[in-house]
Amino acid sequence: MADFSIGVDLGGTNLRIAAVDQSGTLLEKIPLTTQVSRGRDYVMDEMCAAIRSLAARLQPSGKLLGIGVGVPGMVDQRTGYLRGCPNLPDWSDTPVRAEIERRLGTRVVFENDANAAAVGEMWLGAAREVRDLAIFTLGTGVGGGLIIDGKIHHGVIGMAGEFGHIMIDPNGFPCTCGTRGCLEQYASATAITCMAKSSSDPELVAAMKSDPGVSAKRVYELAMQGNSGAREIFDLVGESLGRAIAMVVNALNLPMIVIGGGVANGWEAFAPALFTELHKRSLVYMATESATRGDAAGNATVITRSQLGSDAGLYGAARLPMPL
Ligand SMILES: [Zn+2]
């Protein structure tokens with residue numbers, strides 16, 4: 001068996017751990033549930049026990065190259081502290097990296113989960129052909145990751161690429177970050193559910209009455225069935241994404257933007273409005289498209305769905321400690 005690394009995708013609901021070899025082959029995956037209510041120490045102990053036993057099982061036949069952990073929050077790369085982590089409330093402002101390293105007795109690569117997802121897509125997914133990309137991960141919240149010249153762009157301390165807090169509407173819905181109108185309030189699963197619950201569209205109100213357990217997936221299904229209120233919500237998701245992507249494309253003229261996370265499964269419902277808005281708002285996108293028309297190398301900006309889906313962050317986390 002080949003040498004391997006261990007990747008961890010720590011979310012507010014799922015805690016997934018995988019051993020992956022250098023060719024990207026999955027050797028073993030351990031799917032756990034994040035027991036948030038039991039507190040940080042419990043979750044960390046459980047995670048580290050699973051990592052240790054996985055390493056012990058595989059090490060006789062290959063060398064452990066390292067451990068990478070992706071987390072849903074802003075990571076201070078200097079200190080390994082986590083900041084702004086609504087899905088893991090008691091983890092914020094704590095030295096998470098040091099606590100994991102102390103338990104495992106070894107260094108770990110600690111990274112924001114969307115940055116890890118961007119690495120995963122570049123390694124094995126939609127972005128294999130490019131060295132520069134941005135990813136928008138649409139889940140409970142909206143995450144973002146930026147790769148420039150094959151490397152995660154960290155910014156000053158590791159917090160670059162927080163695309164979920166790009167402002168869509170200065171007078172819009174209040175955001176958990178303290179301001180208003182952030183993308184996260186329009187394009188996350190939470191936002192979709194919220195908008196459905198507060199909709200006054202008679203068709204959507206009627207559909208919701210018969211099905212009170214509303215989810216973003218259910219709203220998507222209604223949109224695809226032609227429900228006017230649900231369609232309006234997904235139009236707003238697409239329009240908001242188009243606006244945010246236009247800002248990123250205008251700033252960076254990237255060759256690829258990947259849309260990941262669970263809400264990306266609603267691509268068919270939101271993509272038309274996304275592209276309409278992007279064409280309207282980004283001269284850079286339009287100019288790149290027209291300058292490269294007919295270009296066999298396909299150099300225009302590609303806006304595409306994630307190929308690895310919910311595994312992007314897990315594979316990316318495993319890729320982090322491997323040699324370049
Ligand atoms: Zn915000």
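Does Gly 68 count as buried or exposed, and at what relative accessibility: which is it?

## A glycine on the inside

At 0% relative accessibility, Gly 68 counts as buried, a word that here means under 20% relative accessible area with a 1.4 Å probe and protein chains only. This is a predicted model, in which local features need pLDDT of at least 70, side-chain atom pairs count only at pLDDT 80 or more, and totals for chains, interfaces and linings use all residues. Residues are numbered from 1 along each chain as its sequence is written, and side-chain values use heavy atoms, with hydrogens and water left out.

Gly 68 sits in strand 4 (residues 64–71); strands (E, at least two residues) and helices (H or I, at least four) are DSSP runs numbered from the N terminus. Leaving aside neighbours within four places in sequence, the contacts of Gly 68 include Ile 6, Val 109 and Pro 321, where contact means heavy atoms within 4.5 Å. Leu 320 is 252 residues away along the chain, yet its C-alpha atom and that of Gly 68 are separated by 5.7 Å.

## One face of helix 1

Strand 4 also meets helix 1: the buried residues of this helix pack against strand 4, strands 1, 2 and 3, and helix 2 (96–104). Among these buried residues are Val 43, Met 47, Ile 51 and Leu 58. Seen down the axis of helix 1, the buried residues fall within an arc of 160 degrees, so they line one face of the helix; the arc is taken from the directions from the helix axis to the C-beta atoms.

Definitions and conventions. Buried < 20%, exposed > 50% of the residue type's maximum accessible area, 1.4 Å probe, protein only.
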